[in-house]
Amino acid sequence: MTQPIHWNAEALWEAIAPQLPGFTVEVLPTIDSSNTELMRRARDGLTEPVLLIAEQQTQGRGRLGRNWVSGVGDSLMFSLGLPLAPRDWSGLSLAVGVSVAESLQPQLPAVGSSTPKIGIKWPNDLWLEGDRKLAGILIETASFVGAQQHDMTAPRYVVIGIGINVRPRPGDGMRTAPACLQELDAALDAPTALACILPKLVAEVQSFARHGFAPLMQRFAQRDLLAGREVNLSDGSTGMAEGVAADGGFLVRTAAGLQAVTSSEISVRPASSPLQA
């Protein structure tokens with residue numbers, strides 16, 4: 001019998017409510033997808049700030065529609081929904097990635113350390129060194145009911161979905177087995193990881209709304225696992241990854257010169273080590 005998970009929702013609420021008036025915390029034992037649920041609510045006009053924790057998802061989604069399925073307690077799966085009006089939405093997934101990586105591993109391991117670094121695979125995955133996927137980030141937005149669909153300066157409701165492997169999980173059909181948090185700390189569980197992540201994540205998202213991605217470039221560079229590597233682009237070209245631009249665009253030097261590409265244009269894969277789905 002699966003032991004109940006103690007999320008300490010009241011402590012989570014107390015930590016965030018001063019930053020997000022009207023904030024609530026919900027824990028659901030099972031749901032199709034926490035992101036899908038919050039997007040449904042937003043389309044129905046429910047756009048209050050909320051943290052929705054899913055102990056189990058039956059139709060969890062990653063980037064490009066990939067499934068994210070996990071047993072109870074094996075992963076941390078949650079969606080944070082809140083109104084947001086950044087000057088520029090570009091780079092939000094990178095800002096989220098920086099925040100989560102730093103919360104889970106505040107200090108970068110020393111050179112030569114046996115502890116793997118939590119790094120960021122542009123645009124929305126966290127890896128452990130060795131190209132093993134630890135976590136995925138899925139960001140979706142919805143216009144407020146009655147708002148102009150194409151007014152990019154108007155506030156929108158953003159849903160930030162995060163899934164993190166906590167316990168070891170099978171790598172069936174994958175060339176590289178997934179990573180998990182318990183490789184870094186055997187005592188880590190999903191509630192502990194969430195308590196580490198949430199306050200900094202909310203603060204970072206609010207800072208992003210005011211200042212954009214540019215102030216985070218150096219922090220991102222410290223955890224950029226693609227920089228200096230040969231990569232394959234989805235258009236069939238290859239090149240050398242050279243970090244990111246001030247708007248979070250991926251910089252790659254190809255035969256045609258230095259290009260800045262966005263997540264809507266390409267899918268990036270390391271040329272030397274294929275990424276699991």
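A residue counts as buried when its relative accessible area is under 20%, as exposed when over 50%, and as partly exposed in between. With that in hand, let us look at a few residues in this predicted model.

Leaving aside residues up to four places away in sequence, serine 103 touches Cys196, Ile197 and Lys200.

Are cysteine 180 and cysteine 196 buried or partly exposed?

| Residue | Relative accessibility | Class |
|---|---|---|
| Cysteine 180 | 2% | buried |
| Cysteine 196 | 39% | partly exposed |

Cysteine 180, at 2%, falls under the 20% cut-off and is therefore buried. Cysteine 196, at 39%, lies between 20% and 50%, so it is partly exposed. If you are wondering about disulfides, the structure holds zero of them.

Now for a pair of helices. Helix 1 (residues 9-16) and helix 4 (residues 190-211) have axes that come within 10 Å and cross at roughly 20 degrees. That angle is under 35 degrees, so the two helices are roughly parallel to each other. Their crossing is right-handed. Which residues make the contact? Helix 1 supplies Leu12, Ala15 and Ile16, while helix 4 supplies Leu194, Ala195, Leu198, Pro199 and Val202. Sorted by class, this contact has eight nonpolar residues, with no polar and no charged ones.

Technical notes:
Residues numbered from 1 in each chain as written. Predicted model: local features only at pLDDT ≥ 70, side-chain atom pairs only at ≥ 80, totals over all residues. Heavy atoms only, no water. Axes fitted to C-alpha atoms, helices over the stretch in contact; angles between N-to-C directions. Helix = DSSP H or I, 4+ residues; strand = E, 2+ residues; numbered from the N terminus. Parallel < 35°, antiparallel > 145°, perpendicular 65-115°, else oblique. Left-handed = near helix turned anticlockwise from the far one by under 90°. Contact = heavy atoms within 4.5 Å. Nonpolar A, V, L, I, M, F, W, Y, C, P; charged D, E, K, R; others polar. Disulfide = S-S within 2.5 Å. Buried < 20%, exposed > 50% of the residue type's maximum accessible area, 1.4 Å probe, protein only.
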